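Here is a short report on one protein model. It moves from the whole chain to single residues and their contacts.

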Amino acid sequence: MAAGGPRPSTWERLCAECEAEQRLFPDIPESLWESVSLEAGMLQPLCTEQFYPSPAADAVVQQFLPTPKAAPLPQAPDPKTCSPEEYLEYYIFPVLLPGMTELLHQAKKEKCFERKRTKFIACDFLVEWLYNHNPRRKDESFTEFLSIPFVHDWLKDHPRQPLPLSFFLSEEEASIIIQAFWRGYRVRCDKEVQELRQWQKQFRDEKTIFEKVEQFWAEQEARAAIQRGDL
């Protein structure tokens with residue numbers, strides 16, 4: 001690429017690196033490159049002895065090789081005049097990617113990869129992390145998600161539905177509730193308890209209590225009417 005020309009994009013640099021790696025192994029067909037996963041490639045050990053027979057020989061070779069100098073970091077472009085790609089690469093990704101890394105760690109702690117439903121909301125965590133790691137708030141204390149000013153104002157006009165209480169139970173609390181329900185179910189399956197429950201059901205169906213209550217209030221009203229007549 002000519003000097004002073006357009007800077008290659010991130011995707012173009014990735015493609016160039018992939019093509020360079022493929023030139024190092026020309027005997028491997030292209031169909032196999034697509035079937036090999038990234039994890040498998042990372043887990044393969046690299047045998048350095050085939051390049052340098054011993055540490056002593058390596059030290060001798062290094063004496064005659066020039067020490068490469070680190071390339072100077074490119075200067076960040078003006079955020080008001082740079083292209084969208086440059087703005088993403090210099091101003092968005094350096095801040096967003098560490099937050100995404102922390103997001104994955106927190107999701108693992110919340111067991112999001114083990115359960116279908118959890119109380120963890122990824123967008124809320126990312127907003128809280130980015131807000132508290134803002135360089136302009138370097139010396140300020142940690143602020144929770146619901147205490148962030150713009151979040152508080154938004155939720156005031158757009159309230160959320162409350163999460164189910166089961167999301168806030170620990171495994172121990174959930175196990176106690178499940179065991180209590182199971183013990184109650186086994187007790188209700190007992191023959192004598194079934195007879196008692198059946199008798200209670202029949203008693204409610206006969207409505208004798210409602211009739212007695214109505215009779216009681218009818219007598220009270222009649223008595224009150226007699227007293228008013230006497231007066």
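## Chain overview

Take contacts (heavy atoms within 4.5 Å) in the protein chain between residues at least 6 apart in sequence: 31% of them join residues at least 24 apart. This is a predicted model, where local features need pLDDT of at least 70, side-chain atom pairs count only at pLDDT 80 or more, and totals for chains, interfaces and linings use all residues. Residues are numbered from 1 along each chain as its sequence is written, and side-chain values use heavy atoms, with hydrogens and water left out.

The protein chain has 10 helices and 0 strands. Helices are DSSP runs of H or I, at least four residues, and strands are runs of E, at least two, numbered from the N terminus. Of the 231 residues, 10% count as buried. Buried means under 20% relative accessible area, exposed over 50%, and partly exposed in between (1.4 Å probe, protein chains only). The chain exposes about 21100 Å² (Shrake-Rupley method, 1.4 Å probe), and carbon and sulfur atoms supply 60% of that area.

## Helix α5

Helix α5 covers residues 84–109. The end C-alpha atoms are 35 Å apart, which agrees. A kink of about 55 degrees lies at I92, shortly before the proline P94. The bend is the angle between axes fitted to the seven residues ending there and the seven starting there.

E89, G99, L103 and A107 are the buried residues of α5. L88 also lies in this helix. L88 counts as partly exposed because its relative accessibility is 37%. With F93, L97 and M100, L88 forms a nonpolar surface patch of about 340 Å² accessible area together. Patch residues have over 30% relative accessible area and no salt bridge; like charges are joined within 9 Å, nonpolar side chains (Val, Leu, Ile, Met, Phe, Trp, Tyr) within 5 Å.

## Salt bridges

A salt bridge puts a side-chain nitrogen of Lys or Arg within 4 Å of a carboxyl oxygen of Asp or Glu. The count is 4. E171 pairs with K111 at 2.7 Å, N to O. E171 sits in helix α8 (residues 171–188) and K111 in the loop between α5 and α6, 60 residues apart. E171 also bridges R115, with closest N and O atoms 2.8 Å apart.

E140 and R137 meet at 3.2 Å. R137 counts as buried because its relative accessibility is 8%.

Methods:
The expected span of a helix is 1.5 Å times one less than its number of residues.
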